Amino acid sequence: MNSKFYVTTPIYYVNDKPHIGHAYTTVLADVLASFHRSMGDDTYFLTGTDEHGQKVENAAAKNGISPQQHADETVVRFQELWKELGITNDDFIRTTEARHKEVVREVLQELYDKGEIYKDEYTGWYCVGCERYFTEKDLVEGKCPDCGREVSALQEPNYFFRMSKYQDWLIDYIKTHPGFIQPAFRANETLGFLKQPLVDLCISRPKARLSWGIELPFDSDYVCYVWFDALINYISAVGYRRNDAEFARRWPARCQLIGKDILNTHSVYWPTMLKAMGIEMPKTIFAHGWWLTGNTKMSKSLGNVVNPREMIGLVGVDAFRYFLMAEMTLGNDASFTKEALLRRYNSDLANDLGNLLSRVVKLTLRAGGVIPAPGESTGNEAEFNAAVESAVSGMRSCLENMKLDQGLAAVLNAVRAGNRYVEQCAPWAMAKNNDTAHLNTVLYTVAANLRKLGVLLAPVMPGKMAELQRVLGGENEVLTIGDLASGNFADPAGRTVLESEPLFPRIQIEEEKAAAPCAKPEKKSKEKAAPAPEAVELVTIDQFCKVKLKTAKVVAAEKLEGADKLLKLKIDIGEAEVRPLVAGVAKYYTPEEIMGKTIVVVSNLQPATIRGAESRGMLLAAKFGKELRLVTVDGDVPAGADIG
Ligand code: MSP
């Protein structure tokens, strides 16, 4: 074993459905864990769920069940999604498990006994949604600084953790350990926050107000504040106070992944708690950015939250994982659109990687089906081989520096060099001319390099890369990055390739599909007769009711630059909401003609970015012959009226 690698994700609240943000952090942790396993490190990967607190209590009350029942029912959603996403976590911790609760109580008791926790009167403001206490000056315009909701004034006795006494130590620790909080600008953000006096952390909630939590061992009228409870999962899961050998083997964590919104709890609360417990700091707390829908923050109220299951359905689990890893530069925000997902799928995976594999497989099958030993050099190998070597050697440092997108870009760069190499060599001509000496070199070089690149991509796309190795004659062979580094890399010569389906079949994208009015122009085709009535697919009333149709008034219209079929509209959809909508009607309506019309739109369509413009909805139109007419409503109907 080289070294230890313990990676954690935040534990997710069970009050919600898992979305792309949760999926992203978990896939990222999985990819890092798989890379480190492949490099021979003693790897451990923890994820889990945060099951106490106000949010869960409220969600359970809304459903008329107990919080435990609620947690038991909803935790499954996360566990099932992780299975679907091929997540290889070693443990899954739930904060309602006895193994966790007991450790939290012991920690609380010890800190209380040491005088690190004390009772005092709390006077200030409280945000129910965030379960956080605020001072007067924390508030923004009298509201919660985090969520913007109303706060309530509070005065009550509570227990406090002496966080303030660690302020100077923490500032010094962050300054002297540059890798501790990453990226560096997040360390600076924390240092900025620490310029103000740090106050002690209120770690209790009176049961009279919130009962769903871990009871304080020294006062049964209180439960523990959910963050103080939740953060301890990172150590309770790996043997703290229960199994010293296991704890020493895992801790300190090498990488604690979080989203940027939970930076303070991890860069201030968590280190000071560990310090008070006398525990070593994790090596790195890494805050990634957010996935946005197009350029907009994802939120339930906007209805633009991306559902990971839908994306898996669209491109498959491996390609979805690849997109998440390749598209986000770690630390920054990234934009999610279905179009970008499909574009990257088709370019990187179908056109580049899949194409290179199918070229070598087809050519080898034509030449007898066995990967030959290399013959004479064609003189073209150098660039391809160098690109592969640089991808192999670069991956380790990209991982070390959390530049996964760059590591993957180098792999794709090598794949493209491979396709160029094939084009330069034109092995089909070599086969035709019986130039076996050169043909063998090309087939060998592509197969050997693809095997290496497959190893580098396996942590991101485990299923597809196992298939790639199988097709190249390496069934049941487990190749690791350790093998690549040590040169123990099994030679592909002599292996039989397998006839196979395309690894990443191209997905047809009609760029303007999302913008097309519902009634798509029927393609004039002689063969295509109108469908017989019985061939029309029927929908149930429930299915139809899922489509929310509304009236909307066009309040702005202009041509979309660079797209002659598209108009960029602003529509008033009622309740003071004005939305952007891109419509494929420019051939039939000028902006002036459509302006002011009351039209009919699908209001709950997944948002899309079309030619760089955001579109939230789709208008309805009737198409006949070469004509298209907008669907409008009879009489004077206001914007936002329901249609059904
Ligand atoms: N329960 C706490 C964490 C406790 S850890 C001791 C929590 N849970 S959460 O379910 O609300 O969020 C978990 C993670 O999802 C956070 O890291 C958050 O940043 C991340 N994401 C939520 N929305 C996101 C995006 N749109 N994009 C990327 N990640 C985001 O906070």
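Is Asn434 buried or exposed? At 65% relative accessibility, Asn434 counts as exposed, because anything over 50% falls in that class. We'll come back to this residue further down. Keep in mind throughout that this is a predicted model.

## The chain as a whole

Let's start with the big picture. The chain has 644 residues, and buried ones make up 51% of them. DSSP runs give 21 helices and 27 strands. If you box up the C-alpha atoms along the principal axes, you get roughly 85 × 80 × 45 Å. The accessible surface of the chain comes to about 29,300 Å², and carbon and sulfur atoms own 50% of it.

## Around the ligand

Now for the ligand. There are 21 residues around it, and the ones that come nearest are Ile11, Asp50, Gly259, Asp261 and Trp291. By class, this shell holds twelve nonpolar, seven polar and two charged residues.

β2 (12–13), α1 (20–38), α7 (226–231) and β13 (255–259) each supply at least two residues of the shell. Helix α7 gives the most, with three residues.

| Residue | Ligand atom | Protein atom | Distance |
|---|---|---|---|
| Ile11 | nitrogen | polar backbone atom | 2.8 Å |
| Gly259 | oxygen | polar backbone atom | 2.9 Å |
| Asp261 | oxygen | N or O atom in the side chain | 2.3 Å |

As for cover, the ligand taken alone exposes 670 Å², and the protein buries 92% of that.

Thr284 sits in the loop between α10 (263–277) and β14 (285–288). Its relative accessibility is 12%, so Thr284 counts as buried, the cut-off being under 20%. What does its side chain reach? The side chain of Thr284 gets to the backbone oxygen of Gly179, at 3.1 Å.

Pro183 is in the loop between β8 (181–182) and α6 (184–193). Another cis bond runs from Trp251 to Pro252, with omega near 5°. Here the proline, Pro252, is in the loop between α9 (244–250) and β13. That strand, β13, also came up above as a supplier of residues to the ligand shell.

## Two residues with positive phi

Which backbone angle stands out at Glu141? Glu141 has a positive phi of about 50° although it is not a glycine. You'll find Glu141 in the loop between β6 (132–134) and β7 (152–161). With 78% relative accessibility, Glu141 counts as exposed.

Back to Asn434, as promised. Asn434 has a positive phi too, about 55°, and is likewise not a glycine. Asn434 lies in the loop between α16 (427–432) and α17.

## Helix α17

Follow the chain on from that loop and you come to α17 itself. This helix covers residues 436–457, which makes 22 residues. From its first C-alpha to its last, α17 reaches 31 Å, close to the 32 Å expected at 1.5 Å a residue. Is the helix mostly covered or mostly open? Mostly covered: 18 of the 22 residues of α17 are buried.

## Gly482

One last stop: Gly482, in helix α19 (residues 481–486). Its relative accessible area is 24%, so Gly482 counts as partly exposed, since that value falls between the 20% and 50% cut-offs. Which residues does Gly482 contact once its neighbours within four places in sequence are set aside? They are Ser38 and Met39.

Gly482 and Leu569 are 87 residues apart in sequence, and their C-alpha atoms are 55 Å apart in space.

Definitions and conventions
Residues numbered from 1 in each chain as written. Predicted model: local features only at pLDDT ≥ 70, side-chain atom pairs only at ≥ 80, totals over all residues. Heavy atoms only, no water. Near = heavy atom within 4 Å. Polar contact = N/O pair within 3.5 Å; in protein donor to acceptor, adjacent residues only side chain to side chain. Areas by Shrake-Rupley, 256 points an atom, 1.4 Å probe, with all protein chains shown as cover. Helix = DSSP H or I, 4+ residues; strand = E, 2+ residues; numbered from the N terminus. Nonpolar A, V, L, I, M, F, W, Y, C, P; charged D, E, K, R; others polar. Expected span 1.5 Å × (residues − 1). Buried < 20%, exposed > 50% of the residue type's maximum accessible area, 1.4 Å probe, protein only. Contact = heavy atoms within 4.5 Å.
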